[in-house]
Amino acid sequence: MLMLCADAAIPQLDIFGPYGLMHYLATMRGYTYRTTMAVHAVEAASAPVHSLQTGDSPPQPLFKDEHLTVYSIPLYPSVPPEGEQEESVDAAQASEPMDAMLAPEATDRPLKRKRTPSPDGPARRKSPPLTDHALDSAAPVPETLTARSRSHHFVPGTLTGDEAQEWRKLMLQEMFPMPAPPPATATDSSKGSKEREKARFAKVQAKKTRAAPSEGAADGGEGAEGELPRRAGVPPDKRFARLPPLVEGSDAHGHPALPTLAYLLVGPSVRGKFDVKKAEALGVPRGPIRGKLTRGETVTFDVDDGAGGKVQKTVRAEECVGPSEVAQSVLVLDVPSPEYIPSLMTSFTESPYFSKYRSREEGVREEHPVHAVFHLCGDGVLEDERYKEFMDGFSDKTHHVISSRQHTADKIVFGKSALIQAKLNQLDADMFPVPKYSMEPARSLASVTGLPSNCILSSRNLIVNVRPPRAPTMDDKAREDEFIDVATTGAPPELADNLLEKFAEVKATVSERVGRNSPAANPGDDVVVTTLGTGSAIPTTLRNVSGTLIQIPGEGTILLDCGEGTWGQLARSFGNDPAHAHGVWDVLRDLKCIFLSHMHGDHHMGVSKILQMRTRMDPPPSQPLYVVGLRPHLMYLTERNELEDLGLGGPNGVILVLSDALNWRPPQRYARIQPDDEPFMNSETSLQHARDMCRALGLQRFTTVDVAHRVRCYGCVLRHQSGWSIAFSADTMPAENLVRVGRGATLLIHESSLSPEEEALAREKAHSTSAQAIDVGRRMKAQKLLLTHFSARYPGMPPRQDDGREARRDEPLVGLAFDFARIRLGDMWKLNAYLPAIQRMFDEVGEDPMEIDLTKSQ
């Protein structure tokens with residue numbers, strides 16, 4: 001999202017969130033960098049709201065402008081039960097939220113917890129430092145810290161307290177060095193909106209052009225150490241060293257009790273309308289005096305006394321101005337689990353200000369109306385009697401909009417993509433399975449008793465008008481869901497007559513070949529390749545970003561790259577069983593290797609979600625999962641693990657493997673010797689882990705290959721003990737290394753970003769055309785070639801070189817990848833035979849133009 005906003009020429013982005021927001025953003029410093037946009041991260045005060053208030057006056061807002069005031073409310077999980085809280089907390093307090101343990105008058109900067117520390121228990125959860133003020137990443141960082149970073153002995157990971165937070169701020173300022181844009185001038189204001197937009201976009205493009213030598217890094221690329229370009233200030237080796245701990249004393253086995261944020265959004269209090277007829281009846285003259293009445297002032301003016309003289313008359317504002325409109329408010333509550341309910345209850349009972357918005361007194365409710373509450377509920381929250389009691393504390397006029405996976409149907413979101421898949425399913429049901437969905441929730445909302453009357457499930461295109469206040473309603477102007485008829489009836493979509501004829505023609509050809517047992521069976525025929533994401537740089541209507549699943553029957557599964565949204569693609573492809581027992585959970589249980597090729601976000605930003613979901617499996621995994629990546633990948637996961645449990649460590653947890661150690665030749669060295677807090681930098685350890693991984697997957701070798709991209713990037717070659725092999729190019733120009741190492745591959749999965757006539761552009765962007773990919777496959781003597789990673793220039797049918805003809809003797813069999821396609825290696829010849837029919841289908845469906853043209857950044 002950050003890079004999308006930057007490429008769309010947005011000059012400044014302000015991001016507000018709870019404690020940990022700066023750490024979260026700083027973990028991305030290895031692949032997120034823009035000189036064309038200012039980014040300000042603001043962390044809300046982490047202290048409980050009741051500890052910050054001395055009266056009923058409003059607290060300091062997190063955000064405020066002329067239209068909206070936003071207050072933040074940190075919510076903490078309950079204190080761990082018996083044996084895990086401090087010795088000074090008695091048994092009666094054991095179930096209380098952490099914020100209830102604080103004395104209300106504790107308002108020092110930063111606030112300190114009023115408890116005696118004790119040794120950590122086996123599952124002890126640390127809490128973050130408590131502050132009574134928001135922290136802005138744009139605030140100046142002491143020059144002394146930057147100066148200290150140039151010392152050879154300086155280690156960022158040892159910083160604590162305020163210095164640790166200053167270091168995170170410094171990292172964000174390094175990632176987004178552009179200062180905030182100045183306020184608009186009178187000249188700017190005189191321009192039309194389109195003119196201003198064009199001028200702003202031109203400035204951004206000019207700045208990009210000046211920064212051309214660092215273009216690779218500006219796209220999330222790598223510099224001296226493989227991440228960002230060198231800049232004055234913090235030395236690269238310190239910039240990419242491990243961040244300070246998010247919470248002192250926390251580690252991979254004892255994740256801190258971090259807060260979520262609830263938000264109270266208060267709209268403007270609008271003055272009543274001026275009644276001209278009443279003003280004229282009262283004799284109020286026209287002019288500035290009426291303006292004073294509009295502003296709520298009492299005015300005095302001279303009027304004719306009827307006898308030729310003048311007398312003074314006083315008019316109060318309420319005599320000719322309607323009543324003011326009371327400010328409506330909205331609550332947004334993020335309650336991940338029942339552990340957070342006590343903290344939520346305390347925030348609205350112990351805080352003099354926030355308790356006004358959940359009051360049983362009618363007069364108070366009228367002065368502080370809550371039009372809607374948005375409930376983001378984790379498992380078990382909505383059924384909890386305490387939460388029902390909390391909801392019941394609002395006015396009967398308050399609308400409750402509930403977002404809960406347990407109570408919401410798992411409907412298709414991208415209707416056009418699903419519709420195309422349903423049409424292709426009629427061509428080959430095994431190769432093109434219909435995405436999994438459910439029109440019914442796992443648990444009906446009606447089954448939850450005791451909820452307020454004004455409850456409604458959140459859904460796509462739901463509108464809640466706050467001013468003037470109206471009941472939630474569906475947007476009647478929303479785009480029609482193309483898949484809804486298929487989803488509700490269960491019947492396959494209708495096909496045009498010419499498409500039916502083409503489908504029948506190619507299916508007859510395939511049946512004829514199957515009937516004569518052509519082609520013959522070969523090792524690896526039963527390996528299944530599922531293309532989860534086949535686009536590049538940005539997701540489109542029909543293609544997600546990179547992700548390819550390799551399933552080896554009876555031995556395990558490998559995921560090649562893992563772009564953002566890969567978990568969603570897996571769930572749609574295999575089904576998301578609410579009981580976490582089947583479907584995508586079977587795939588996750590079988591997953592033994594994730595290979596990350598390089599640091600561009602569209603190839604790895606989905607991995608943390610996969611690892612997080614893996615920790616939810618019950619029973620837990622019986623074998624480890626190996627993540628093979630570059631140092632920046634492994635460092636990112638290590639730092640991200642402090643925010644959410646990714647399952648690093650443990651006998652069957654996630655094992656980090658340095659891809660450099662598996663290179664086919666002595667690898668490129670990183671810029672410095674790594675400290676002891678990066679055990680994954682030990683090549684011998686990585687080699688041993690790789691041997692264990694190969695043994696678990698039945699592989700003879702797993703080899704990484706340096707390819708030709710704008711950043712440090714590795715492809716890989718998998719060779720199985722039974723003789724088959726798969727080569728994966730990742731992002732690259734035609735690479736001789738890959739040709740050499742992948743010689744004789746059963747399958748080559750090669751990027752095909754651009755069409756054959758765009759070879760110059762492909763060279764400029766360090767990508768390949770489809771013709772170049774076919775040539776690599778020919779020189780490699782690969783048996784089969786699967787083209788993927790298509791530019792957003794081609795939202796539908798990607799360009800290809802062979803025009804659907806059968807491969808020549810010296811060329812591999814070519815197939816084009818489509819999201820959700822499930823290709824058995826022994827059946828890949830079918831995919832090649834289907835191409836003319838697939839082309840006909842895309843001609844019928846048509847292609848949606850991109851709303852934002854980002855192809856220049858690809």
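A crossing of two helices is called left-handed if the near helix is turned anticlockwise from the far one by less than a right angle, and right-handed if clockwise. Keep that in mind for the first stop.

Before you click, note that this is a predicted model, where local features need pLDDT of at least 70 and side-chain atom pairs count only at pLDDT 80 or more, while totals for chains, interfaces and linings use all residues. Residues are numbered from 1 along each chain as its sequence is written, and side-chain values use heavy atoms, with hydrogens and water left out.

**Stop 1: two helices**

Select α11 (residues 341-349) and α13 (residues 385-392). Helices here are DSSP runs of H or I with at least four residues, strands are runs of E with at least two, and both are numbered from the N terminus. The pair packs at an angle of about 25°, with axes 10 Å apart. Axes are lines fitted to C-alpha atoms, for helices over the stretch in contact, and angles run from 0 to 180 degrees between N-to-C directions. So α11 is roughly parallel to α13 (under 35 degrees counts as roughly parallel, over 145 as roughly antiparallel, 65 to 115 as roughly perpendicular and the rest as oblique). Their crossing is left-handed.

Now show side chains. Ile341, Pro342, Leu344, Met345 and Phe348 in α11 meet Arg386, Tyr387, Glu389 and Phe390 in α13. Contact means heavy atoms within 4.5 Å.

**Stop 2: a covered strand**

Go to β16, residues 547-552. How many of its residues are buried? The count is 6 of 6, where buried means under 20% relative accessible area, exposed over 50%, and partly exposed in between (1.4 Å probe, protein chains only). Gly547, Leu549 and Gln551 point one way, while Thr548, Ile550 and Ile552 point the other way.

Two strands pair if DSSP finds at least two bridges between them. In general, strands of a sheet pair through backbone hydrogen bonds, either parallel or antiparallel. β15 (residues 528-533) pairs with β16 in the antiparallel sense over 5 bridges, and Val528 stands opposite Gln551. β17 (residues 556-562) also runs antiparallel to β16, joined by 6 bridges, with Gly547 opposite Cys562. β16 and β17 form a hairpin with 3 residues between them, and Gly554 in the turn has a positive phi of about 80°.

**Stop 3: the core**

Stay with Ile558. Leaving aside neighbours within four places in sequence, its contacts include Thr548, Leu549, Ile550, Ile552 and Leu718. Ile558 is also one of the residues that touch the most other members of the largest nonpolar core, which has 78 residues. Such a core is a set of buried Ala, Val, Leu, Ile, Met, Phe, Trp, Tyr and Cys residues joined through side-chain atoms within 4.5 Å. Which helix gives the most to this core? Select α25 (residues 828-845), with 9 residues in it. A second, separate core of 58 residues includes Ala41, Phe176, Ile594 and Met613.

**Stop 4: the open sheet**

Next, colour the 6 strands in the order β21-β22-β23-β24-β25-β26; they form an open sheet with mixed pairing. β21 (699-706) and β26 (813-816) stand at the edges with a single partner strand each, so one side of each has no neighbour in the sheet. The twist averages 15° from one strand to the next. β25 (residues 784-788) pairs with β26 in the parallel sense over 4 bridges, and Leu787 has Leu816 as its bridge partner.

Two helices pack on this sheet. α21 (residues 683-697) touches β21 and β22, and its direction makes about 130° with that of β21. α25 touches β24, β25 and β26, at about 70° to β26.

**Stop 5**

Which residues have a positive phi without being glycine?

- Lys781, with phi near 65°, lies in the loop between α24 (770-780) and β25; at 60% relative accessibility it counts as exposed.
- Phe820, with phi of about 75°, lies in the loop between β26 and β27, but is buried at 6%.

Finish with two cis peptide bonds. One joins Arg467 and Pro468, with omega about -5°; Pro468 is in the loop between β13 and β14. Another runs from Asp618 to Pro619, with omega near 5°, and Pro619 is in the loop between α19 and β19.
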